[in-house]
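Try each task before you read its solution.

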Amino acid sequence: MRRYLADSAALARKDLLLELRARDTLPAMLLFVISVLVVFHFALPRSASERASLGLLWVAILFTALLGLGRSFVAEREQGVLDALVLAPSDRSAIWVGKVVSTLAFLVVAELVALPAFALFFTSIDGATVAGVALADVGICAVGTILAAMAAAGRARELLLPLLFLPLAIPIVVGGVGASLAASSGKYLGFLALYDAIFALVAWAAFEYVVTE
Amino acid sequence: MIRASRAARRFGDKRALEPVDFELERGGFLVVTGPNGSGKTTLLRLCAGLLVPTSGELEVDAFRGQVGYLAHEPLVYRELTALENLDLYGRLYRVPERRERIGMLLERFGLWEARHERAGSYSRGMLQRLALCRTLLHEPELLILDEPANALDAEGEALLERELDELRRERTLLVASHAPERLDGFATGRLALA
């Protein structure tokens, strides 16, 4: 177990280091989420409901995550490095864990900017919304990472990832918006936690079959 | 160590490797030759475990961590330095005394001075040397090398020949080459793909 965690940590650290050097994912995510919120601010009428504005927050989060996920396997694909990672004696799911951790880190940083910006442009954010976003992030990254690995192997990867990811993200939006608006947010947060647990387990177990024949 | 019986590989309608039979004993050195498109790289990827044959049988008597695979691409991250790349692989391949081993390989392949430079700034020949360091890092029992002399200068080729001469004494080697005559002194067999 210690070795598994050490492998996952080494792979996540490598992704964070790559981003620190190349800076081609996080700045794009930050720019995108702020641009989307600004556009929504002007597009949404002043009389729009809180439900509508929160819905837009989730749209912004999902598409920002999609941007990060779309780039998560770029280095491996362009430089063919996945072959060397797959041949290593470590458990192949450690590659998935490393990618989930690094993508999660990028998404959290983007949200640290996006949530205050949303509060500034639209409406205040309560603890239930923050908890919903945190739980949703785990699900988004768990599901998105395995789909990004699948899409990276295909030709129309830019098209394939959203097509695979967005239908699977609908429960996340339902749970997230519900947690923000419902009087008792607990059941929606529980729903998001259940989604995370089930999909993370499936993605973790299936990853080996995605990166090998 | 490797036994292929009518092993072949297709990608959709395209036949990438015609059925091939061969046997490579432990400690053997087999050179794979053939024109472009004959399936040399496909055969090597099959033996490395990156592909499975679509027909026939292929048995490789080596665990994942015992295989060292040198591909056409160096399989290193361009934004990381040579040291960082090898450290990552050293961790994943559980190399004992990792730092000492990395230092020794970088020194031997003439990359010690450039160890803190990003791999992306390396010339093609330096990348090939780094790829050789990566391949040899975990002291694999089975070495699968795809055009190992690719992009190497005369000094690099001489270094590679010295390495191969040393490796053939204790390892099993499967090497694809366009210039097999250079390896005739080491090889125990040759497999020509049509």
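The exercises below go from whole chains to single residues.

**Ground rules**

This is a predicted model, in which local features need pLDDT of at least 70, side-chain atom pairs count only at pLDDT 80 or more, and totals for chains, interfaces and linings use all residues. Residues are numbered from 1 along each chain as its sequence is written, while chains are lettered from A and ligands numbered from 1 in the order in which they are written.

**Exercise 1. Describe the make-up of chain A and check its radius of gyration against the globule rule.**

Step 1: take the secondary structure. Helices (H or I, at least four residues) and strands (E, at least two) are DSSP runs, numbered from the N terminus. By this count chain A has 9 helices and 0 strands.

Step 2: apply the globule rule, 2.2 Å times the number of residues to the power 0.38, with the radius of gyration taken over C-alpha atoms. For 213 residues a compact globule would come out near 17 Å, and chain A agrees because its own value is 17 Å. The C-alpha trace of chain A spans about 55 × 35 × 30 Å along its principal axes.

Step 3: look at burial and contacts. A residue is buried if 20 or more other C-beta atoms lie within 10 Å of its own, exposed if 12 or fewer, and partly exposed in between, with C-beta atoms placed from the backbone. In chain A, 44% of the 213 residues are buried. Two residues are in contact if their C-beta atoms, again placed from the backbone, lie within 7 Å. Of the contacts in chain A with a separation of 6 or more, 81% join residues 24 or more positions apart.

**Exercise 2. Do the same for chain B.**

Step 1: chain B contains 5 helices and 8 strands, in the order β-β-β-α-β-β-α-α-α-β-α-β-β along the sequence.

Step 2: the rule puts a compact globule of 194 residues near 16 Å, and chain B agrees because it has 16 Å. Its C-alpha trace spans about 45 × 30 × 30 Å along the principal axes of chain B.

Step 3: buried residues are 45% of the 194 in chain B.

**Exercise 3. Which elements of chain A give two or more residues to the side that touches chain B?**

Step 1: count the partners. Chain A brings 20 residues to the contact and chain B brings 25 residues.

Step 2: assign them to elements. On the chain A side, α1 (2–22) and α5 (82–87) each give two or more residues. The top contributor is α1(A), with 8 residues.

Step 3: sort by class. Ala, Val, Leu, Ile, Met, Phe, Trp, Tyr, Cys and Pro count as nonpolar, Asp, Glu, Lys and Arg as charged, and the others, Gly among them, as polar. The side of chain A that touches chain B then has 12 nonpolar, 3 polar and 5 charged residues.

**Exercise 4. How is chain B divided into domains?**

Step 1: read the bounds, which come from an automatic or database domain assignment. Domain 1 of chain B is 1–62 + 141–194, and domain 2 is 78–140.

Step 2: compare positions. The C-alpha centres of the two domains of chain B are 23 Å apart. Their contact takes 10 residues from domain 1 of chain B and 8 residues from domain 2 of chain B.

**Exercise 5. Is A136(A) buried or exposed?**

Step 1: A136(A) belongs to helix α7 (residues 127–153) of chain A.

Step 2: A136(A) counts as buried because it has 27 C-beta neighbours inside 10 Å.

Step 3: leaving aside neighbours within four places in sequence, A136(A) is in contact with I172(A), G175(A), G176(A) and L192(A).

**Exercise 6. Where are E97(B) and E139(B), both with positive phi?**

Step 1: E97(B) sits in the loop between α2 (82–92) and α3 (98–108) of chain B, and its phi is near 45°. E97(B) is exposed, with 10 other C-beta atoms within 10 Å.

Step 2: E139(B) lies in the loop between α4 (124–136) and β6 (142–146) of chain B, with phi near 50°. E139(B) is partly exposed, having 15 other C-beta atoms within 10 Å.
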